[in-house]
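Here is a short briefing on one structure. Please keep the sequence and the 3D view open while you read.

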Amino acid sequence: MAQASQHIRNFSIIAHIDHGKSTLADRLIEYTGALSKREMEAQVLDSMDLERERGITIKLQAVQLSYKAKDGEVYELNLIDTPGHVDFTYEVSRSLAACEGALLVVDAVQGIEAQTLANVYLALENDLELISVINKIDLPSAEPERVKEEIEEVIGLDASEAILASAKTGIGIEEILERVVTTVPAPQGDDEAPLKALIFDSKFDAYKGAISYVRIVEGRVAKGTTMKMMATGKVFEVTEVGVFAPAMRIVEELKAGQVGFIAASIKNVKDTQVGDTITDAENSADKPLPGYRKATPMVFCGLYPVDSSDYNRMRDSLEKLHLNDASLVFEPETSVALGFGFRCGFLGLLHMEIIQERLEREYDLNLITTAPSVIYKVHTLKGEVISIDNPSNLPPIESIVSIEEPVVKATILVPAEYVGTIMELNQEKRGTYFTMDYVSKSRVKLIYELPLSEIVFDYFDQLKSRTKGYASLDYELSGYKETDLVKIDVLLNGEMVDALSFIIHRAKSYHRGRKLVEKLRGIIPRQMFEIPIQSVIGNKVIARETVSAMRKDVLSKCYGGDISRKRKLLEKQKVGKKRMKQVGNVAIPQDAFMAVLKIDD
Amino acid sequence: MPSLYIHVPFCVKKCDYCAFYSHSLLHSPKDLTSVYLDGLEVEMAKRGKDAPLGVSSLFIGGGTPTALNNRDLDRFMTMLHRHFQLNPGVERTMEGNPGTITSSKLEILRRYGINRFSLGVQSFEDRLLSAVGRLHSAKEAREAIGRLRTAGFENINLDLMFGLPGQDMANWQATIEEALSYSPEHLSLYGLMLEEGTPLYERYKEGSDEKINGIETVLPNDDLQAEMHDWAVERLKQVGYRNYETSNFARPGFECQHNLGYWRGQDYLGLGPGGVSCLNRVRWKNIEEVHAYQSRLRDGQDPVEEAGEEVLSLHECMAERMILGLRLEEGVNIISFKDDFGADLRNIYRKVLESYRDKEVFMVQGDYLRLNPKFSFVANGILQEFV
């Protein structure tokens, strides 16, 4: 029935963080009556507390809106939300691939940012029809004309028809819905062809198993279909199909053009990988949809429970998080200093922070995090190539021929007056200049190659602070490069603390080694005995500081009326000390293990 | 036999660092001391039976007990003698501050058998006294010491403070030397503590570079405080004082028996608003507010704070015995520990004692477990192991 798909529109929203995507999505849901005002309170697209606090979408979602257009027809609009952060670029690309159109939402004050631009390119690669929306026009400082100009110059879109909107006050909402109906193409696709469903997200449900969020590209699927994952070859029997209304509602079948979910009692989200194609095992498509890529973690760190008795609980918690997030990888790791923990891999720094915060908040774990590392490729004398994601596993220097580190292609959008600042920063960060373009009279797009380890270190903070927050960044992994790298180890009281080791470019090693011991001296509290802190490369000490012994730590007065209070004070201090990690005789605060990240170069 | 403490919650004016419960008499209605004494009289009558054989020592503290006027003092002492048996030879201390000590008050105290006086001198430098809001001058302290001796007190303690805003090593040494010139039998040296809720805490929580009335009043840091303490320990030892407890020094035979009772884990009664008692592992605290204290007692109720009663577990009792006993030069008595708790502390705390073995933190001498005096000023980290 080609007729039905004529009334379907699949679209997503592209926007920079804070440009109002979530508010706009809420407004569209409200306008079309998918949820009442009261329900809106509880149900918005950003459903995790963390997402609401940070104002970003981490886990994407989808919602089906029923809209009666001015032409009198009722349309099924599927809004697929996308996460707004560089860590999740691949997920964004799959969501976009599930759509025929996208709203390009640009803040009327701030204009286009690098992240928006990156997602626009992704949308154009997927042949999406773009509808420009200039949001927040209710703000006194709104400059819609300037932003229109930017859209034309930077993206090359005709912005004369851009919709002026305010998601906050409701201006332009109807116009947006109308434009979706009139300009976003109805999905093509033969519902009699063999099934091809694109997975753009997945979620674990305790009763239904791993649920695939899909866009049916061709064919149809219903309860009882024997489905096959084309990337992994695994076969499951479909138990339920449905749509997001926005709550999951079971339907008879999903057909070409539709967006919905498929449940098949799948035990593990690993089997519902984003980007994979679901087909009918008995009437298989000849080839999968393009663009599938296995989620690959780029950033690694060690996560350890402060209290070693929490180890099993921590493993359970990681497993639970993994149920919903196949891109989180973890395996047991042992540190001499920190005991038993896990080496965890993340899509990026934000992903890492989110997982840490969720473990601490939702699972009430007290964690020590080691400084993040990238994956180095080490060529040994034996002719092997070893991947190292934990600096303390680097083989002895004598056995290394060379080390390669990952590099990214970074796109930076910045007001023209900061070009010099950015170039200086990129030079410090060992960047290689590629190109520079004026995207408008006042804004410049710079493309550099940068080592991923520098981005992981403090690049983003530096970028923001040196440009008063005006610069924006997007990057993608572009390959590996041989570099002159060394490992710095840290000794506390003469004992090596493996969790503090890090790998760094030789030219920066002395400076960083010195800064780190200085930083540690500030972080490690004075204790009963003097504590020497040394940073070493191999056997060579490159810097030393000393935490002098504590001189005063005493209850000076303690009589009958004070005893309970003083005992409780000691109990409290003891709890405080327990939050630190005891390495030999030295108590080390949790944040010491991230100290290497907090150094100003 | 418990010891007896009586709290007198009045001062002429509170000092800026003080977190104890006390009314400023400058800002209180005239009859407040009578309300207090009315309540106290009832409490004494009730509590006297807790010490049928008398009390092992008496300490009247505050506040500033000598802030009471002659009539009130006389009534206080009469009540006390009516309800408690004070055996001969028992140490009976009263605390007081310079500026409130008149010969006639001292005469009353002597008449009622007060045989030890603890004087809050804190410093012999006016600038430092006013920096922490003390009302009296160094001159008044000197006069008070003279009057105490004249009145016949042969056991005097002077409280001195180090770490005062604007104090340096030379100031501190001068204060110690002057104190020694009066040959006190006992000295208490306290490091200034910033307690939350006090004016001094408010003044310094943001940093320590405040100028008051144009005078530099930097707070000495922990290292300087430690040096002040260490210097005083050495100096006082030279002239024959024993550092018998973390903050206390005495000529042999003049150790404060009342306070030794606390540190050795003996029972005590604490009367008056805010007074704390501990009998048979139950500890309770009286309400602080004077009117509420008095009205409860008048109505025949216990004047105990809501949730002010605490039944100590065996673990808590043992922990307290350790953290208090290790403050003493003599240490914790292993035999009495065993008598009281039925176990050898060397077994119970074996792990802790062993973990500090190479640093020689603990020493066993005779029947006592002691803390190496080297660590007495950094003892908290060690004492934590026992709680």
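Two residues are in contact if their C-beta atoms, placed from the backbone, lie within 7 Å. This is a predicted model: local features need pLDDT of at least 70, side-chain atom pairs count only at pLDDT 80 or more, and totals for chains, interfaces and linings use all residues. Residues are numbered from 1 along each chain as its sequence is written, while chains are lettered from A and ligands numbered from 1 in the order in which they are written. Helices (H or I, at least four residues) and strands (E, at least two) are DSSP runs, numbered from the N terminus.

**Nonpolar cores**
- A nonpolar core is a set of buried Ala, Val, Leu, Ile, Met, Phe, Trp, Tyr and Cys residues joined through C-beta atoms within 7 Å; buried requires 20 or more other C-beta atoms within 10 Å of the residue's own.
- The largest core has 163 residues, and A102(A), L103(A), L104(A) and I262(A) have the most contacts inside it.
- Strand β23 (residues 400-415) of chain A gives the most to this core: seven residues.
- Neighbours within four places in sequence aside, I262(A) touches A197(A), S212(A), V214(A), V221(A), M227(A), V238(A), V241(A) and I278(A).
- A second, separate core has 100 residues, including C558(A), M161(B), M228(B) and L271(B).

**Chain A–chain B interface**
- On chain B, 33 residues are in contact with 21 residues of chain A.
- α11(B) gives the most to the chain B side, with five residues.
- That side divides into 17 nonpolar, nine polar and seven charged residues (Ala, Val, Leu, Ile, Met, Phe, Trp, Tyr, Cys and Pro count as nonpolar; Asp, Glu, Lys and Arg as charged; the others, Gly among them, as polar).

**Helix pair in chain A**
- The axes (lines fitted to C-alpha atoms over the stretch in contact, with angles from 0 to 180 degrees between N-to-C directions) of α2 (residues 21-31) and α8 (residues 173-183) of chain A come within 10 Å and cross at roughly 80°.
- That makes α2(A) roughly perpendicular to α8(A), a label for angles of 65 to 115 degrees.
- R27(A), L28(A) and Y31(A) of α2(A) meet I173(A), E174(A) and L177(A) of α8(A).

**Sheet in chain A**
- Four strands form an open antiparallel sheet in the order β18-β19-β17-β20; strands pair if DSSP finds at least two bridges between them.
- β18 (329-335) and β20 (367-369) of chain A are the edge strands.
- The twist averages 30° from one strand to the next.
- Seven bridges join β18(A) to the antiparallel β19 (residues 339-346) of chain A.
- E331(A) stands opposite R343(A) in β19(A).

Technical notes: Parallel < 35°, antiparallel > 145°, perpendicular 65-115°, else oblique. Buried ≥ 20, exposed ≤ 12 C-beta atoms within 10 Å, placed from the backbone.
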